[in-house]
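Reader: I would like to go through the side-chain packing in this model. Could we take it topic by topic?

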Amino acid sequence: MKYLLMTYGNQEKWAALSAEEWPAAIAAQEAFNTRYRESGELLGAYGLGDAAVSRLVRREEGLPAVSDGPYLETKEYMASFYLLDCESEERALQIAADMPWADREPVELWPILHESPMAG
């Protein structure tokens, strides 16, 4: 079964980490990524740009209509997402709890119910 892990953050949180803390934080995340890539359970890990550079895209009269950023009701926004393929929900929960930031911030776990088949 596939699962999506999502983490949230904002510029205030990133700025709260000192320059000395960043290398260890990045190393811990890369160790997590490596561990689960090697087990075959992590299919992809993706960090997202700041909400200030995101765009909303709609279609108006058949053409793209682009506007700045998402409509955020909160100070936090999705910071990264991870695609897992695990044998069970229990295993996906174990991996989510192993996320380096999980002791400070919750990690969302969403089951993926449908996947469009790849063209062959």
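This is a predicted model: local features need pLDDT of at least 70, side-chain atom pairs count only at pLDDT 80 or more; totals for chains, interfaces and linings use all residues.

Reader: How many aromatic pairs does the structure hold?

Author: There are three aromatic pairs in the structure. One of them joins F32 and Y82 in an edge-to-face arrangement, with 6.1 Å from centre to centre and 85° between the planes.

Reader: Why does the 85° count as edge-to-face?

Author: The angle between the planes is 85°, and pairs with planes over 60 degrees apart count as edge-to-face.

Reader: Which elements hold F32 and Y82?

Author: F32 belongs to helix α2 (residues 22-38) and Y82 to strand β5 (residues 77-85), so the pair ties together parts that are 50 residues apart in sequence.

Reader: Are these two buried or exposed?

Author: Both F32 and Y82 are buried.

Reader: Which residues make up the aromatic cluster with them?

Author: The cluster consists of F32, Y36 and Y82.

Reader: Turning to S80, where is it found, and is it buried or exposed?

Author: S80 is in strand β5. Its relative accessibility is 8%, so S80 counts as buried.

Reader: What polar contacts does its side chain make?

Author: The side chains of S80 and T7 are joined by a polar contact of 2.4 Å. The S80 side chain also has a polar contact of 3.4 Å with the side chain of Y82, the residue that forms the edge-to-face pair with F32.

Reader: And what else does S80 touch, leaving out residues up to four places away in sequence?

Author: On that basis S80 touches L5, M6, T7, Y46, G47 and L48.

Reader: Where is E61 placed, and is it buried or exposed?

Author: E61 is in the loop between β3 (55-60) and β4. With 84% relative accessibility, E61 counts as exposed.

Reader: Which strand holds A65, and what is it in contact with beyond four places in sequence?

Author: A65 is in strand β4 (residues 63-68). Apart from neighbours within four places, A65 is in contact with L56, V57, R58 and E60.

Reader: Finally, how far apart are A65 and E105?

Author: A65 and E105 are separated by 40 residues in sequence and by 35 Å in space, C-alpha to C-alpha.

Terms used. Residues are numbered from 1 along each chain as its sequence is written. Side-chain values use heavy atoms; hydrogens and water are left out. Rings of Phe, Tyr and Trp (its six-membered ring) pair if their centres lie within 6.5 Å; planes under 30 degrees apart count as stacked, over 60 as edge-to-face and the rest as tilted. Helices (H or I, at least four residues) and strands (E, at least two) are DSSP runs, numbered from the N terminus. Buried means under 20% relative accessible area, exposed over 50%, partly exposed in between (1.4 Å probe, protein chains only). Contact means heavy atoms within 4.5 Å. A polar contact is a pair of N or O atoms within 3.5 Å; within protein, one must be able to donate a hydrogen and the other to accept it, and residues adjacent in sequence count only if both atoms are side-chain atoms.
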